Structures are given as C-alpha cells and as structure tokens.
Amino acid sequence: MALSIIGGLSLVIVGLVGVLLLGHQPGLAWSAEVSALPALLVSYVVYHAVSGSRPFGGQGWIRAVYFPILVSHVVLAAVMVPFVLTTVYRALSGQFDRHVPLARRTLPVWLYVSVTGVLVYLLLYHLG
C-alpha cells in the first residue's frame, strides 16, 4: 500500500513540476515579486513557473560544461523522487533494516542533484 502511494505521489510531483516549468505563461503581472526566489533552492521551481526559463548565455567551452550538468541534474532529480520518498517512509515507519541500504544508494545521488542544482544556478545567473 505504501509503495503504491509513493509511486502515485512521485508521478504527481514530477508531473506538477513539469507542468509548472513547461506550462509557463509569460507576462504575468506578479512575476517581478518572485525575482529573489532562485536564491532559495526550494523555491527555484516556483520562480520558473512564474517567470519562465532563462536561456543560457554562455559561449564557448562553458556551454559544454553547463548542458551536461543541467541534463544530469534534471533527469536525476525526477528519477530520484520515488527513491527519496521511499527512503523517508522507511525511516519514519521504523523499517531501518530496509531504510539503511536504500539510503546508502539514495543519499549520494541526491547530494549530486543538490550540488548540481547550485552549479546550474551559478552558471546560469552569474556566468552565463
């Protein structure tokens, strides 16, 4: 039962993020009010849902660095949602014998997703 809920919730989360990012409508009057949100990594999706995407302006070798980081970040962030939810569920339900092995695999990938998110932000807004 819990895995079914985690699977459904994962699909909803990834779908919602996709709709927010891809379903952007430019020209919203209140988009300027969220311009400081990218500094808070949790609200980066909300910022892009309201303000839209910014094209990468970097030229030369930096493009070859930026796009693989961006693609790996986006793909792994989406793929990791059910694993993170399952890891949290197992910890909260006291299933530590099942939590620990999964957490050992999930944590390094989630840390990579977190660090590459910061790198994408820095490259896009401060170098690109």
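Me: Which residues is Ser10 in contact with, leaving aside its neighbours within four places in sequence?

Reply: Once those neighbours are left aside, Ser10 is in contact with Val81, Pro82 and Leu85, where contact means heavy atoms within 4.5 Å. Please keep in mind that this is a predicted model, in which local features need pLDDT of at least 70 and side-chain atom pairs count only at pLDDT 80 or more, while totals for chains, interfaces and linings use all residues. Residues are numbered from 1 along each chain as its sequence is written, and side-chain values use heavy atoms, with hydrogens and water left out.

Me: Why is Ser10 called buried?

Reply: A residue is buried if its relative accessible area is under 20%, exposed if it is over 50%, and partly exposed in between (1.4 Å probe, protein chains only). The relative accessible area of Ser10 is 5%, and therefore Ser10 counts as buried.

Me: How do you know that the span of α3 is close to the expected one?

Reply: The expected span is 1.5 Å times one less than the number of residues in the helix. Helix α3, which covers residues 61-92, has 32 residues and reaches 45 Å from its first C-alpha to its last, close to the 46 Å expected. Helix α4, residues 96-127, also has 32 residues, and its 43 Å is likewise close to the expected 46 Å.

Me: Where do α3 and α4 bend, and what is meant by a bend?

Reply: The bend at a residue is the angle between axes fitted to the seven residues ending there and the seven starting there. For α3 this angle is about 40° at Met80, and a proline, Pro82, follows within four residues, whereas α4 bends by about 35° at Ala103.

Me: Why does Met80 count as buried, and what does Met80 touch?

Reply: The relative accessibility of Met80 is 6%, which is under the limit, so Met80 counts as buried. Leaving aside neighbours within four places in sequence, Met80 is in contact with Thr106, Val109 and Trp110. Thr87, also found in helix α3, is buried because its relative accessibility is 9%, and Thr87 touches His99, Leu102, Ala103 and Thr106, not counting residues up to four places away in sequence.

Me: What makes Phe56 and Tyr66 a stacked pair?

Reply: Rings of Phe, Tyr and Trp (its six-membered ring) pair if their centres lie within 6.5 Å, and planes under 30 degrees apart count as stacked, over 60 as edge-to-face and the rest as tilted. By this rule there are four aromatic pairs. One of them joins Phe56 and Tyr66, with 4.0 Å from centre to centre and 5° between the planes, so the pair is stacked. Phe56 lies in the loop between α2 (44-51) and α3, and Tyr66 in helix α3, so the pair ties together parts that are ten residues apart in sequence.

Me: Why is the pair of Phe56 and Phe67 called edge-to-face?

Reply: The centres of Phe56 and Phe67 are 5.9 Å apart and the planes stand at 80°, and therefore the pair counts as edge-to-face. Phe56, at 9% relative accessibility, is buried, whereas Phe67, at 32%, counts as partly exposed. Ring pairs link Phe56, Tyr66 and Phe67 into a cluster.

Me: What makes up the largest nonpolar core?

Reply: A nonpolar core is a set of buried Ala, Val, Leu, Ile, Met, Phe, Trp, Tyr and Cys residues joined through side-chain atoms within 4.5 Å. The largest one holds nine residues, namely Phe56, Ile62, Tyr66, Ile69, Val120, Tyr121, Leu123, Leu124 and Tyr125. Both α3 and α4 supply at least two residues each, and α4 gives the most, with five residues.
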